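Please look over the model shown here before reading on.

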Amino acid sequence: MPWNDNANPGPWGSPGDDNDRRETPPRRPQGGGPRGPQRPGGPDLNQSFEQLQRRFGRWFGGPGGGVRPGAIAAVAGGAFALWALSGLYVVQPNEEAVVTTFGAYTRNETPGLRYHLPFPIERVVKVPVTSLQRVDVGGVGESDVPQESLMVTGDENIVDLDFSVTWRVADADQFVFRLRDPESSVKAVAESAMREVVGRMLLDDVLTRQRGQVQTQTAELMQRTLDQWGAGVRVVEVQIRSANPPQQAIAAFRDVNSAEQDQASAVNEARTYANRVVNEARGDAARIVQSAQGYREQAVREALGDAARFNSIYTEYRRAPGVTRDRLYIETMQRVLARSNKVIVDSQGASAPIILPPDVFRPRGQSQAGQVMAAPEPPAVEVQPGVRSAQ
């Protein structure tokens, strides 16, 4: 039996025609068959890549299958545009830009949107010119660096001194080209300047009275050194955070400080007492001098007045001697008898002596033993005929 005999099929059945073999296999029920659910419908990535390749092929492909000249120009133009736009940059308000051409200084740029020739022709370095920088010497916080903080004073003592330096950039181009490590350079200059200033002063001055002067002199010396270097740095402030004797000598130093404070207290008390006593003595002396001057002035004025009065009386006496004598006598008796007790005795008809008690002749308000006595009561005078008593 021939193998291609369709009339008598073999054990595997008839081969059938081509149409039967190209029939679409039956679809599986929705929701998946024995192999699980199907993937959701979406773009075919392979088909997309093929379309992209065909488009690039039409763009770059020339008549002979080569690259078109227009495509090369377009790619070159796009690359050049990107390279040119890379020169745009922004300078912040607290910055200043230093532009270099092949490594050489060209110009400075102020804040804003700026442009420079792209790399490798020009290069831009941005420097913060208004921001304050700080360098700590001798340690930060609890940490201590004895190699930086221990310094020798002018009286050959040792002081443990920690301080900080605040600085900013004054000249951007000098700062970029002269200093490789700005913070280390400023720190080295600060430590050197502080050691020089402390080496000229006494330990007590550094610890107590002259700390402000130490800070000022250190800042000035730092600025002179940095200006000689052309560093483009401005020293704003030098502040001493702590100044103490070495750790091994703190107890003895505290005893010395306590003794000095006691000494200063005793000296201040003595000066206060001396000032008080001296001022009181000067006040008493001034008062006595002023009193003497007042008495002298009074005596001179009274003498001048008496002399003038005597001259006027003498002038009147020369004109009328009798009247002047009577007037002088009456005025004198008036002054004498004005403050005394008086007893008037009429001698007419008197036959016996008159006896008066002593109190009659005692001045009024006379003091005894430093006490002022009241005026005595009128004496009891026995008045005999021809006698009259008057106070």
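What follows is a description of a predicted model, going from the whole chain to single residues.

**Overall make-up**

The protein chain holds 10 helices and 13 strands, and of its 391 residues, 20% are buried. When contacts between residues at least 6 apart in sequence are considered, 63% of them join residues at least 24 apart.

Ile 240 gives a local view of such contacts. This residue is placed in strand S9, which covers residues 233-244, and with a relative accessibility of 6% Ile 240 counts as buried, because the cut-off for that class is under 20%. Leaving aside residues up to four places away in sequence, Ile 240 touches Leu 161, Asp 162, Phe 163, Met 194, Arg 211, Val 214 and Gln 215. For Val 214, which is 26 residues away from Ile 240 along the chain, the C-alpha atoms of the two residues are separated by 8.7 Å.

**Backbone geometry**

Most residues other than glycine have a negative phi, and most peptide bonds are trans. The peptide bond from Phe 119 to Pro 120 is cis, with omega near 10°, and Pro 120 belongs to the loop that runs between strand S4 (112-115) and strand S5 (122-128).

Phe 102 has a positive phi, near 55°, without being a glycine; the residue sits in the loop between strand S2 (95-101) and strand S3 (104-109), and its relative accessible area of 64% makes Phe 102 exposed. Glu 156, also not a glycine, has a positive phi of about 65°. The loop that holds Glu 156 lies between strand S7 (150-152) and strand S8 (158-169), and at 72% relative accessibility Glu 156 counts as exposed.

**Charged side chains**

Glu 156 also takes part in a surface patch of negative charge, in which Asp 155, Glu 156, Asp 204 and Glu 260 gather. Asp 204 is in helix H7, residues 203-209, and counts as partly exposed at 32% relative accessibility.

Side chains of opposite charge can pair when their charged atoms come close. Across the whole structure, 15 salt bridges are found, and the table sets out three of them.

| Acidic residue | Basic residue | N to O distance |
| Glu 148 | Lys 187 | 3.1 Å |
| Glu 191 | Arg 195 | 3.2 Å |
| Asp 306 | Arg 309 | 2.9 Å |

Glu 191 and Arg 195 are both in helix H6, where a spacing of four residues separates them by about one helical turn. Glu 191 counts as buried at 18% relative accessibility, while Arg 195 is partly exposed with a relative accessible area of 29%. Asp 306 and Arg 309 share helix H9 (residues 250-319), in which they are three residues apart, about one turn of the helix. Asp 306 is partly exposed at 40% relative accessibility, and Arg 309 is partly exposed at 47%.

Beyond these pairs, Arg 107, Glu 109, Arg 114 and Glu 122 are linked in a network of salt bridges.

Note on methods: Residues numbered from 1 in each chain as written. Predicted model: local features only at pLDDT ≥ 70, side-chain atom pairs only at ≥ 80, totals over all residues. Heavy atoms only, no water. Helix = DSSP H or I, 4+ residues; strand = E, 2+ residues; numbered from the N terminus. Buried < 20%, exposed > 50% of the residue type's maximum accessible area, 1.4 Å probe, protein only. Contact = heavy atoms within 4.5 Å. Patch = residues over 30% accessible without salt bridge, like charges linked within 9 Å, V, L, I, M, F, W, Y side chains within 5 Å. Areas by Shrake-Rupley, 256 points an atom, 1.4 Å probe, with all protein chains shown as cover. Salt bridge = Lys/Arg side-chain N within 4 Å of Asp/Glu carboxyl O. Lys, Arg positive; Asp, Glu negative; His and termini not counted. Charge placed at Lys NZ, Arg CZ, Asp CG, Glu CD.
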